Amino acid sequence: LFEVLKTGLTPSASGSAYFELESPQATPHSFLDRPSSLKITCTAHGPRPLPRSVPFSPHLLLSANVKLAPFASRQRRGYIREASERDLAVHIETALRGVLISERWPKSGVDVIITVLEGEDDGPLGALGQKEEGGLSGWESMSVLSGCITVASAAIADAGIDCVDLVSGGVAAIVRQPKPGMGDGGGEPYIVLDPCPSEHSNFIAVCVVGYSQKRDEITEIWTRGDLGAASLGESPEQFILGSLLDRAMEAACSSRLVLEEALKENVEFKIQNTASGKDSAGTTRNQSA
């Protein structure tokens with residue numbers, strides 16, 4: 001998978017980021033064969049004072065809003081906020097609260113606005129009817145949540161809000177490899193990182209984590225599926241969950257490398273702009289003298 005992360009793209013926001021994840025497939029021959037991709041934008045507004053009507057809070061109040069664009073998937077969506085979007089926002093708020101130093105911003109708030117421009121589809125066009133009514137399906141939403149956590153952390157860091165560490169999202173899944181002539185249930189289950197719903201026909205369980213690598217802490221975890229049906233070498237269910245969680249953390253560590261590199265480039269760019277601005281001001285003063 002190819003990951004792209006850029007920060008500082010929205011001048012009107014305190015912090016902003018753009019995240020893109022695309023499968024390295026060949027050029028599609030038709031619309032049904034197009035590679036699965038994930039494209040997310042995020043803006044952070046704040047910290048800013050809360051309205052007078054809001055009760056006093058000694059901590060920074062974090063509010064996340066997730067919206068899928070009408071063209072984010074093959075099946076066009078409406079403009080009304082869906083239940084799946086509210087669920088994603090709750091998970092993102094939980095993941096970010098674990099790293100924010102909220103006591104430094106009393107009676108202040110920060111709004112994190114996330115827009116999913118393109119979401120990974122669960123399968124070919126004929127499988128659209130299998131999705132949950134009015135929202136994302138379960139497997140698709142897990143991959144979207146992982147990307148949202150990473151891009152939201154980048155926007156928070158770009159806004160200059162104090163955090164104890166960066167948090168990155170990671171997702172791992174247990175899938176069953178189909179065997180010829182035996183259907184989807186004939187193969188042995190195995191674990192994959194950053195699963196693409198359109199590339200795997202039989203998901204057993206999926207785990208998403210928000211992971212703070214420097215502190216070795218999990219700020220958010222969400223699992224979905226039937227762990228009891230995943231017999232990885234006849235291991236007990238708790239060991240299967242532990243293996244799945246370890247692989248999700250491994251995926252989060254890979255995303256963190258991209259996150260750190262993007263933030264370093266942004267800091268270097270700001271330092272260069274500050275230095276060039278000072279040089280221009282000094283030259284102007286010398287010419288006027």
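Contact is defined here as heavy atoms within 4.5 Å. The structure is a predicted model, in which local features need pLDDT of at least 70, side-chain atom pairs count only at pLDDT 80 or more, and totals for chains, interfaces and linings use all residues. Residues are numbered from 1 along each chain as its sequence is written, and side-chain values use heavy atoms, with hydrogens and water left out.

Not counting residues up to four places away in sequence, Leu5 touches Ala17, Tyr18, Phe19, Val151, Ala154, Val258, Leu259 and Ala262. Leu5 is also among the residues with the most contacts inside the largest nonpolar core, together with Ile92, Leu96, Val112, Ile114 and Ile156. A nonpolar core is a set of buried Ala, Val, Leu, Ile, Met, Phe, Trp, Tyr and Cys residues joined through side-chain atoms within 4.5 Å, where buried means under 20% relative accessible area (1.4 Å probe, protein chains only). This largest core has 51 residues, and helix α2 (residues 138-158) supplies the largest share, 10 residues. Another core, of 15 residues, lies apart from it and includes Ala172, Ile204, Leu244 and Leu245.

Helices (H or I, at least four residues) and strands (E, at least two) are DSSP runs, numbered from the N terminus; two strands pair if DSSP finds at least two bridges between them. Strand β8 (residues 203-212) is largely enclosed by the rest of the structure, because 10 of its 10 residues are buried. Eight bridges join β8 to strand β6 (residues 168-176) in an antiparallel arrangement, with Ser168 opposite Tyr211 of β8. Strand β9 (residues 217-225) likewise runs antiparallel to β8, through eight bridges, and Arg224 in β9 is the bridge partner of Val206. β8 and β9 form a hairpin with four residues between them, and Asp216 in the turn has a positive phi of about 55 degrees.

Technical notes. Buried means under 20% relative accessible area, exposed over 50%, partly exposed in between (1.4 Å probe, protein chains only).
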